[in-house]
Amino acid sequence: MNKPLNQLGFTLVELMVVIAVLGIIAAVAVPSFRSVIQDYRIVTTTDEINSTLQFARAEAVRLGGGVRVGGVGSDVANGLRVWVDENGNNSYDSGEELRVFNVESANLALTAEVGATGTANLQLVFNARGETGLADTLTLGLCDERTGNHGRQLEMLVSGSVRLLKNTACTG
């Protein structure tokens with residue numbers, strides 16, 4: 001039995017129901033997808049920071065020490081710079097850098113603490129054995145604007161090895 005031509009296709013009501021269902025699904029999916037993107041941004045940025053620290057340590061071993069890591073500009077909130085202090089003035093000068101890692105997102109906050117003391121102007125020096133020469137553990141924390149346990153921390157031990165701490169508390 002063949003249907004008449006006027007009964008083929010969708011009615012306007014059926015089309016509106018499908019559009020409404022798709023709208024509800026999108027309204028539920030978009031906020032959770034945003035959270036996935038934010039989590040991914042923290043994970044990749046933490047990995048890049050760890051890579052920068054490991055690069056500095058390896059270069060110190062290769063060059064026989066004296067490789068420094070410090071904040072970009074005024075503090076670590078802008079990122080990390082790796083350099084060799086060629087003129088021995090204990091500060092970064094143009095042409096001494098080996099690598100720079102910039103915090104790309106304005107929504108991410110990078111902090112540094114040595115022991116229990118916060119420090120904005122970090123200067124870490126690796127010796128020829130890849131050790132930091134710090135008296136205490138350096139903690140680099142990364143959070144975004146969310147509150148809760150979404151952050152990550154990298155703990156650099158005096159030995160120069162790095163430990164990753166996941167799901168650390170952020171204040172937003």
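**View 1. Strands E4 and E7 pair in the antiparallel sense over six bridges.** In this predicted model, residues are numbered from 1 along each chain as its sequence is written, and side-chain values use heavy atoms, with hydrogens and water left out. Local features need pLDDT of at least 70 and side-chain atom pairs count only at pLDDT 80 or more, whereas totals for chains, interfaces and linings use all residues. Strands are DSSP runs of E with at least two residues and helices are runs of H or I with at least four, both numbered from the N terminus; two strands pair if DSSP finds at least two bridges between them. Leu110 has Leu142 in E7 as its bridge partner.

**View 2. Strand E7 continues through a hairpin of three residues into E8.** E7 and E8 pair in the antiparallel sense over five bridges, and in this pairing Leu142 stands opposite Arg152 in E8.

**View 3. Both faces of E7 are covered.** Leu138, Leu140 and Leu142 on one side, and Thr139, Gly141 and Cys143 on the other, are all buried, where buried means under 20% relative accessible area with a 1.4 Å probe and protein chains only. Six of the six residues of E7 are buried, so E7 is largely enclosed by the rest of the structure.

**View 4. The largest pocket is lined by 15 residues.** A pocket is an open set of points on a 1 Å grid over the protein atoms alone, with protein on both sides within 12 Å along at least five of seven lines, and lining residues have an atom within 4 Å of a point. Thr111, Gly141, Cys143, Gln153 and Ala169 lie nearest the centre of this pocket, and the elements that give two or more residues to its lining are strands E4 (109-114), E7 (138-143), E8 (147-156) and E9 (162-171).

**View 5. Four strands form an open antiparallel sheet in the order E3-E2-E1-E6.** Strand E3 (97-102) and strand E6 (123-126) stand at the edges with a single partner strand each, so one side of each is left without a neighbour in the sheet. Strand E2 (residues 75-84) and E3 pair in the antiparallel sense over five bridges, with Arg81 opposite Val100 in E3. Helix H1 (residues 12-63) packs on the sheet and touches strand E1 (67-72), E2, E3 and E6, contact being heavy atoms within 4.5 Å. The direction of H1 makes about 170° with that of E3, where axes are lines fitted to C-alpha atoms, for helices over the stretch in contact, and angles run from 0 to 180 degrees between N-to-C directions.

Terms used
1 Å grid on protein atoms, 1.4 Å probe; cavity = no way out; pocket = protein on both sides within 12 Å on 5 of 7 lines; lining within 4 Å. Buried < 20%, exposed > 50% of the residue type's maximum accessible area, 1.4 Å probe, protein only.
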